[in-house]
Amino acid sequence: METSTLLSGSNVFDFIRGPLAWISFIVFFLGLIYQTYRFFSYTKKNPHVIYNPRPRKKITGDSVQNFFKKAKLSVIGINPVMIIVTTVFHLCLVITPLFLLAHNILLKNAIGFSLFSLSERFVDYLTIILIACGLFFLFRRIFVLRVRAITDWYDYFILFLATAPFITGFLAYHQIFSEHYRLIIALHILAGELMLMAVPFTKFVHMVFFFVFRFVIESEYSLGKGDRTW
Amino acid sequence: MAKINTAGVDTERVKERLDEHKTKMKLSLKACAHCTLCAESCFLYMARDRDPKYTPSYKFINSIGLLYKQKGMVDKVTLGEIRDNVWERCALCTRCYCPLGINIPEMLALARSICREQGVYPRYDRE
């Protein structure tokens with residue numbers, strides 16, 4: 001049997017859009033809880049850390065100027081394009097699937113609750129922006145020497161896994177390859193589920209570790225309390 | 001797969017050292033998104049015409065990452081390559097900045113310590 005027929009065949013299709021979706025949600029949430037628990041079990045509170053948050057100052061012309069001066073010297077000023085692209089990419093990655101009308105209708109049908117939905121056209125733009133950011137990362141991996149030096153097949157695979165749900169979603173929404181619509185939508189659901197299940201156990205876990213390393217662990221560059229140590 | 005000639009390397013001890021720091025090391029390697037935003041924070045990278053081998057993440061992946069990947073089963077040649085990454089290409093000035101918060105200097109210091117234990121370190125009196 002051909003793969004396309006196999007995926008869009010009713011039994012497999014029903015499994016992908018039914019039980020597998022629930023499995024992927026469960027794996028995603030339990031995996032994130034497990035990783036967070038694991039982190040806390042391997043670290044301990046450092047009583048010697050004295051946390052003195054800076055007093056809040058009124059925003060004045062000088063403070064804004066100072067902020068931009070500091071930003072210019074930071075990673076934002078040194079790699080502005082990458083910082084903007086990566087921020088936009090990550091925002092789109094979260095906003096697009098959560099506030100998509102079609103997803104919210106499915107959610108409402110399944111559990112009787114849904115989030116608000118953005119206009120379909122706007123979400124479509126976000127998808128295009130996300131795919132463009134993905135292409136930027138891909139070209140960066142191929143053409144920027146220092147990135148290529150530490151890139152292996154796994155990085156390309158992770159990038160593919162992150163963008164595949166959006167590429168297939170775009171194809172499905174615009175009914176490109178409409179004669180294979182059922183296959184495309186099956187691939188879209190499958191890609192989304194695989195991505196969700198991969199989050200706690202692959203490099204995607206930086207979704208959790210970013211907050212852990214930057215806010216909780218003691219470090220010179222800590223953005224938060226940073227009062228835990230290994 | 002070709003068998004690694006581990007002669008002269010106490011692989012059990014290397015493994016032991018890695019196990020002592022396993023969680024931190026594993027989480028740090030997993031968290032690294034290979035973005036290379038740390039590059040410009042390394043003065044040696046900037047001073048060496050932006051040679052990719054001086055990128056902090058390159059040094060981190062090709063030292064402690066390599067040891068972890070090989071589970072400590074490394075030969076002297078590999079340890080020599082690690083030595084180049086953690087000594088010749090790093091002053092351990094601790095100024096490297098990772099946007100994800102990975103403590104790169106600590107990882108490089110660990111790699112140095114493992115190499116030193118195995119007798120692989122710069123011998124300025126001989127070289």
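Tutor: Let's go with C90(B), which counts as buried because it has 23 C-beta neighbours inside 10 Å (buried needs 20 or more other C-beta atoms within 10 Å of a residue's own, exposed 12 or fewer, partly exposed in between, with C-beta atoms placed from the backbone). Keep in mind that this is a predicted model, where local features need pLDDT of at least 70 and side-chain atom pairs count only at pLDDT 80 or more, while totals for chains, interfaces and linings use all residues. Residues are numbered from 1 along each chain as its sequence is written, and chains are lettered from A and ligands numbered from 1 in the order in which they are written.

So where does C90(B) sit? It's in the loop that links α5 (76-88) to α6 (104-117) of chain B (helices are DSSP runs of H or I with at least four residues, strands runs of E with at least two, numbered from the N terminus). Leaving out residues up to four places away in sequence, C90(B) touches K59(B), N85(B) and L108(B) (contact means C-beta atoms, placed from the backbone, within 7 Å). Take K59(B): 31 residues separate it from C90(B) along the chain, yet their C-alpha atoms are 8.1 Å apart.

Now zoom out to the chain around C90(B). Look at contacts in chain B between residues at least 6 apart in sequence, and 71% of them join residues at least 24 apart. The C-alpha atoms of chain B fill a box of roughly 40 × 35 × 25 Å along the principal axes. Its radius of gyration is 14 Å, which agrees with the value near 14 Å for a compact globule of 127 residues (it is taken over C-alpha atoms, and the globule rule is 2.2 Å times the number of residues to the power 0.38).

Finally, chain B has a partner: 23 of its residues are in contact with 23 residues of chain A. On the chain A side, α5 (75-78), α9 (145-148) and α12 (206-216) each supply at least two of the touching residues, and α12(A) gives the largest share, five residues. That side of chain A divides into 15 nonpolar, four polar and four charged residues (Ala, Val, Leu, Ile, Met, Phe, Trp, Tyr, Cys and Pro count as nonpolar, Asp, Glu, Lys and Arg as charged, and the others, Gly among them, as polar).

Technical notes:
Contact = placed C-beta atoms within 7 Å.
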